[in-house]
Amino acid sequence: MVSVPRLVVAAPASGSGKTTVATGLMAAFAGLGLAVSPHKVGPDYIDPGYHALATGRPGRNLDAYMCGPGLIAPLFTHGASGCDLAVVEGVMGLYDGASGQGELASTAQVSKLLRAPVVLVVDASSQSRSVAALVHGFASWDPEVRIGGVILNKVASDRHEALLLEALDESGLPVLGVLRRAPQVATPSRHLGLVPVAERQADALDAVRAMGERVRAGCDLDALMALARSAPALPDEAWEPQAHPQEGARPVVAVAGGAAFTFAYAEHAELLTAAGAEVAVFDPLHDEKLPTGTAGLVIGGGFPEVYGPELSANEPLRRAVTDLALSGAPVAAECAGLLYLARELDGRPMCGVLDASARMSERLTLGYRQAVAVSDSVLAVAGTRLRGHEFHRTVLEPGAGATPAWGLHQPERRVEGFVQQGVHASYLHTHWAAEPGVARRFVERCRG
């Protein structure tokens, strides 16, 4: 049995202030000297970056669609090991999940899997007494979801606060915080959400600090901690990447990082390390060489379109990536990595490993996907089934090579991505904890 005090921060809808409150709570409790474990429901890569700033620990995702419900509590326990408190930021509205899949991947489902109390963040602007009906509806919709209190956000004045508190007085749910409108705490966003931490480090630190101060001033931290401690013990053992000791040297797996490639799940590096690799992070914006001894390359997601000129201008690194790929070495590229391997992006030369051209588009491609490996690759054998997520506003032409990476079965049937020599490149984001064989297979190929 594992007992970690924990809270799930949810809301009736997106835009209510979940990220501000969750990140602020993490920062406030960390500022009191507590070890705080940060988590995010769903596939989002950006919010966990702010969580990491607030806590000094890796932000971790809990995605019941990509990893399966059975892995949620073990992944949580792995991340929260040794911590005094865990704060889980929800996704969208409390009961919103994978389209057409009922509660799957919703914040409500994750809260039940974690047996964790929920703090409901309510955007109180433009309402007074109606807030009680809203809260009552969310609290009574699913009796298995335990809403332990409310934090009122965007409260306009003392008078507005008094009206809200009066309305909620008979709801049976305590008001654990009241936050006034504070635009100075807002974080900038772009087409895929907040601007990643790596792109605005100093400003992001200031924003996180302001969130912590705002929450500390407006919330009852003692009551919130008491609520977190009311969560019962979890019976699940912690997830751990299974170690596979090998004789000889550990192959170096270079992992792209820096401001252009910020989308990565913490478990991927842990799985690569457990499989016997030495993980070496490099920055394609600044490093002109791959790490010494690179035997394999992982290029995850991010915003290469924002840094197209800088990525293109780094010709020495582009040549090094191309040479590595042409040598047959294992290369795994997701989304931004796919674009970086293309011939060009918005007319600017990229690595040219793939005979394809990428450009920004007005259309946002977003959603969960069911996928099956079309052919053997450095990541999987043909027929391997995984669930993933697409999240981009770019178009690649052609969208698939002569040997595609995946056959997608949701929402429509199509093939996608490229498998050529040791390269596996695709728009699809995957979570390797759902299929640990992916990391093991990749590292084995790196050994040659």
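This is a predicted model: local features need pLDDT of at least 70, side-chain atom pairs count only at pLDDT 80 or more; totals for chains, interfaces and linings use all residues.

Mentor: Strands of a sheet pair through backbone hydrogen bonds, either parallel or antiparallel. Here, β2, which spans residues 36-41, pairs with β3 in the parallel sense, over three bridges. Within this pairing, K40 stands opposite N61 of β3.

Trainee: Which residue does K40 stand opposite in β4?

Mentor: In β4, K40 stands opposite E89. The pairing of β2 with β4 is parallel and comprises five bridges. E89 is in turn the bridge partner of V9, and β1 and β4 are joined by four bridges, again in the parallel sense.

Trainee: In what order do the strands form the sheet?

Mentor: The order is β3-β2-β4-β1-β5-β6-β7, seven strands in an open sheet with parallel pairing. β3 (60-62) and β7 (175-180) are the edge strands, each of which pairs on one side only. On average, neighbouring strands are turned by 25 degrees against each other, direction ignored.

Trainee: Which strands does helix α6 touch?

Mentor: Helix α6, residues 158-168, packs on the sheet and touches β6 (147-155) and β7. The direction of α6 makes about 155 degrees with that of β6. Helix α8, residues 221-229, also packs on the sheet, touching β1 (6-10), β4 (85-89), β5 (118-123), β6 and β7. The direction of α8 makes about 110 degrees with that of β1.

Trainee: How many residues of β4 are buried?

Mentor: For burial, one reads the relative accessible area of each residue, with under 20% counting as buried. Five of the five residues of β4 are buried, so this strand is largely enclosed by the rest of the structure. Both of its faces are covered: L85, V87 and E89 are buried on one side, and A86 and V88 on the other.

Trainee: How many residues of helix α3 are buried?

Mentor: Helix α3, residues 72-80, is mostly covered, with nine of its nine residues buried. Among them are I72, P74, L75 and F76, as well as T77 and H78. After α3 comes G82, with a positive phi near 80 degrees.

Trainee: Let us turn to charged side chains. With which residue does D47 form a salt bridge, and is D47 buried or exposed?

Mentor: One looks for a side-chain nitrogen of Lys or Arg within 4 Å of a carboxyl oxygen of Asp or Glu. D47 forms a salt bridge with K40, and their closest N and O atoms are 3.2 Å apart. D47 counts as buried, since its relative accessibility is 6%. K40 is likewise buried, with a relative accessible area of 4%. By this rule, the count of salt bridges comes to 16.

Trainee: How many residues apart are D206 and R209 in helix α7?

Mentor: They are three residues apart in α7 (residues 201-218), so about one helical turn separates D206 from R209. Their side chains meet in a salt bridge at 2.8 Å, N to O. D206 is partly exposed, with a relative accessible area of 41%, and R209 counts as partly exposed at 45%.

Trainee: Which residues do salt bridges that share partners join into one network?

Mentor: The network joins E103, K112, D142 and E144. Within it, K112 forms a salt bridge with E103, the closest N and O atoms being 2.8 Å apart. E103 is partly exposed, having a relative accessible area of 35%.

Trainee: How many disulfides does a search of the whole structure find?

Mentor: The search finds zero. To read this result, one compares distances between cysteine sulfur atoms with a cut-off of 2.5 Å. For C67, the closest cysteine sulfur is that of C335, at 18 Å, which is too far for a bond. For C351, the closest cysteine sulfur is also in C335, and the distance of 15 Å is again too far for a bond. C67 is buried, with a relative accessible area of 11%, and C351 is buried at 8%.

Technical notes:
Residues are numbered from 1 along each chain as its sequence is written. Side-chain values use heavy atoms; hydrogens and water are left out. Two strands pair if DSSP finds at least two bridges between them. Helices (H or I, at least four residues) and strands (E, at least two) are DSSP runs, numbered from the N terminus. Axes are lines fitted to C-alpha atoms, for helices over the stretch in contact, and angles run from 0 to 180 degrees between N-to-C directions. Contact means heavy atoms within 4.5 Å. Buried means under 20% relative accessible area, exposed over 50%, partly exposed in between (1.4 Å probe, protein chains only).
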